[in-house]
Amino acid sequence: MRAKSRTDVRLDVLMNLHTGVVVHAPDTSIIFSNHRAAELLGLSEDQMLGKRVIDPNWCFIDSEGNRLAPERYPVSLVLSTLTPLRETVLGVLAPDRADIVWLIVSAFPDFSSSGQLLRVVVNFHDISQRKKMEAELEKSRAFAHSILDGIAANVCVLDEEGKIIAVNQAWKDFYVDNGGAQGHCHEGDNYLKVCTNAIQSLSAELQSASQFYIGFREIIEGKRERFDLDYPCHSPKEQRWFFVRVAAMRNVSPRRIVVTHVDISAQKQTQEHLQKSLIFSKRMIESMRDGVSVLSKDGYTSEVNPALCEMTGFTREELLGTSAPFPYWPEEEYSVIDRAMKKTISQQQGDFDLIFMRKNGERFPVSVAASTVFDDHGQVISYIATVKDISDYKKMESEIQNLAFYDPLTNLPNRRLLNDRISLAIVSSKRSGKYAGLMMLDLDNFKPLNDQHGHDVGDLLLIEAAHRLRSCIREVDTVARFGGDEFVVVINELHRDKTLTDAYLIDIAEKIRSAIAAPFILHSGTSNDKASIEHHCTASIGCLSFSSTVRHGRDLLKLADKQMYRAKQQGRNRVSLLQTDIDESTISTNEPQRSPP
Ligand SMILES: Nc1nc2c(ncn2[C@@H]2O[C@H](COP(=O)(O)OP(=O)(O)OP(=O)(O)O)[C@@H](O)[C@H]2O)c(=O)[nH]1
């Protein structure tokens, strides 16, 4: 077999090159095409050789997918300009092929030594795969961008030197909102320069600016991966706050850094309002005149106000952190207060009158209003109790009680209480079967003392007379002021025998009469003008014994009154006893007829 000539070898190589090669004559007709060219162009060699116009359905398209007119084909351009065409990207639409084959095409004119155009050599190779990857890449870039643009935060991506290489839509909008020119958004600028300008124009706080620079530099230098910062970005018109996160992307080379700014002004404002309202509540609690104690949901004291400390005598430090039994609970009241606490927990609130204890051990009455505090989800946050010291109130209450039942001048029981005591004596007599005694006493010639020395001196005598009466009887017995200079004495459970009772009654009445008959030394006048008055006074006493045969105290009082007037009539300063056993008939026939003695 004949060895191939060098020309044959070259032709073989050319024919089998991986690059497509087509040679056109100056009239554009194809004079050479290798296998790869036919393959890439989607034509048979027969369809190519000697042809100018190929299949009408066959064409080149540009990168946008537009069909190219034949005069813009590479060969036509070289023929018209007689200059080379380098690396043009073209797509081939072949009739029998579904996919576009993308080529990178170069074409060169070939001249003779005399400068005559001999041919145009066109070469091309397949970049479809690369194009496909680029399209995929573009798709994923578009996808990433749409995600970025969908983020409300301002995001920018920096290269390893801190240059901004991408920003999202929110960043662009923010830039424009802040007076930046539409279309420009710092892409290509160094991020630190952008920050410096922003800080200068917005007069932000220097401290957060320097924190930011340090953190940012460390990320750029790869010393740390991430940092977060809240920073003020106030404009003359607005108070704004931002949260910034600077983070290096993971597993990305070369290094990329993502900066995210989130406007947290609303959150900050809410925080500030919350802070203010917390301070307000604290001040309010502090300024409350009632004591306040706040317990955590676990029952530990988390707050107390100065009023509670003052009231109890314990310091804030001594009360904070304490749990039941609290230092101001008296031991003997533990169970009562504990019940109140449990009631508050089960019913979410409660009002209680309790006894608390001061640090010095003194007990004092308090009124406590306790309630449970819930969060928005209905979970218990704490318990709060306001504590009012009601010592004064209780004192007043007892004074009112006194006024209702006691005579303010002598402090003896008044008529109302006397009626109760007589009723009790009747009940007690029924139970014991013993007689009780009743005395009606009227001072003799009291009026002249008033007339001569005035009512104040008369008052002094009434007070002293009350003392003397009290000293003549037992604790269990009663001396009441009936009115004016009249007193009533009730003596309980004397004897089962009436005669003995009467005798005993006379004894007491005589004792009283003697006590009243003793001279009264009355000190009148002011401290500068004091006078001592000696006054002699006597008493007329009507007395009777009674048992449970009597139903109404008022009947006894009427009978004793009548008896007392008898004593007056008999010459005063004496005791007169009703000797008959009292029953309904005695009462009806003994209707008192007061007449002046
Ligand atoms: N100082 C003073 N006098 C009173 C008070 N209540 C009543 N009196 C006076 O007490 C006097 C009682 O009157 P009488 O019992 O009729 O006068 P009396 O001089 O005691 O006469 P006899 O009872 O008949 O001996 C009246 O002058 C009343 O004004 C009082 O609270 N203080």
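1. Phe-60, in this predicted model, touches Leu-68, Tyr-73, Leu-90, Gly-91 and Val-92, once residues up to four places away in sequence are left out of the count. The residue has its place in strand β3, which covers residues 59-61. Phe-60 counts as buried because 20 other C-beta atoms lie within 10 Å, and the cut-off for that class is 20 or more. A further relation concerns Arg-72, which is 12 residues from Phe-60 in sequence and 9.2 Å from it in space, taken from C-alpha to C-alpha.

2. For orientation in the whole chain, the reader may note that the protein has 19 helices and 23 strands, and that 25% of its 597 residues count as buried. Among contacts between residues at least 6 apart in sequence, 49% join residues that are at least 24 apart.

3. The largest nonpolar core has 51 residues, and those with the most contacts inside this core are Met-439, Ile-541, Cys-543 and Leu-544. Cys-543 is in contact with Gly-437, Leu-438, Met-439, Leu-505, Ala-509, Ala-560, Gln-563, Val-575 and Leu-577, leaving aside its neighbours within four places in sequence. Another core, of 20 residues, lies apart from the largest one, and its members include Val-22, Ile-30, Val-75 and Val-122.

4. The ligand is surrounded by 15 residues, of which Phe-446, Lys-447, His-455, Gly-458 and Gly-484 are the closest. At least two residues of this shell come from each of β17 (436-444), α15 (447-453) and α16 (455-472), and the largest share, 4 residues, is that of α16. Sorted by class, the shell holds 4 nonpolar, 5 polar and 6 charged residues.

5. The partners of β12 can be described in turn. With strand β16 (residues 380-389), β12 runs antiparallel and is joined by 6 bridges, and in this pairing Leu-295 stands opposite Tyr-383. With strand β13 (residues 301-304), β12 also runs antiparallel, here joined by 3 bridges, and Val-294 stands opposite Glu-303. The hairpin of β12 and β13 has 4 residues between the strands, and in this hairpin Gly-299 takes a positive phi near 90°.

6. Elsewhere in the chain, an open sheet is formed by 5 strands in the order β8-β7-β11-β10-β9, with antiparallel pairing. Strands β8 (164-167) and β9 (226-232) stand at the edges and have a single partner strand each, so one side of each is left without a neighbour in the sheet. Neighbouring strands of this sheet are turned against each other by 20° on average, when direction is ignored.

7. At one end of that order, strand β7 (residues 154-158) is joined to β8 by 3 bridges, and the two run antiparallel. Within this pair, Cys-156 stands opposite Val-167 in β8. Helix α6 (residues 169-177) lies across both β7 and β8, and its direction is at about 110° to β7.

How values were computed. Residues numbered from 1 in each chain as written. Predicted model: local features only at pLDDT ≥ 70, side-chain atom pairs only at ≥ 80, totals over all residues. Near = placed C-beta within 6 Å. Nonpolar A, V, L, I, M, F, W, Y, C, P; charged D, E, K, R; others polar. Pairing = 2+ DSSP bridges. Core = buried A, V, L, I, M, F, W, Y, C linked by C-beta atoms within 7 Å. Buried ≥ 20, exposed ≤ 12 C-beta atoms within 10 Å, placed from the backbone. Contact = placed C-beta atoms within 7 Å. Axes fitted to C-alpha atoms, helices over the stretch in contact; angles between N-to-C directions.
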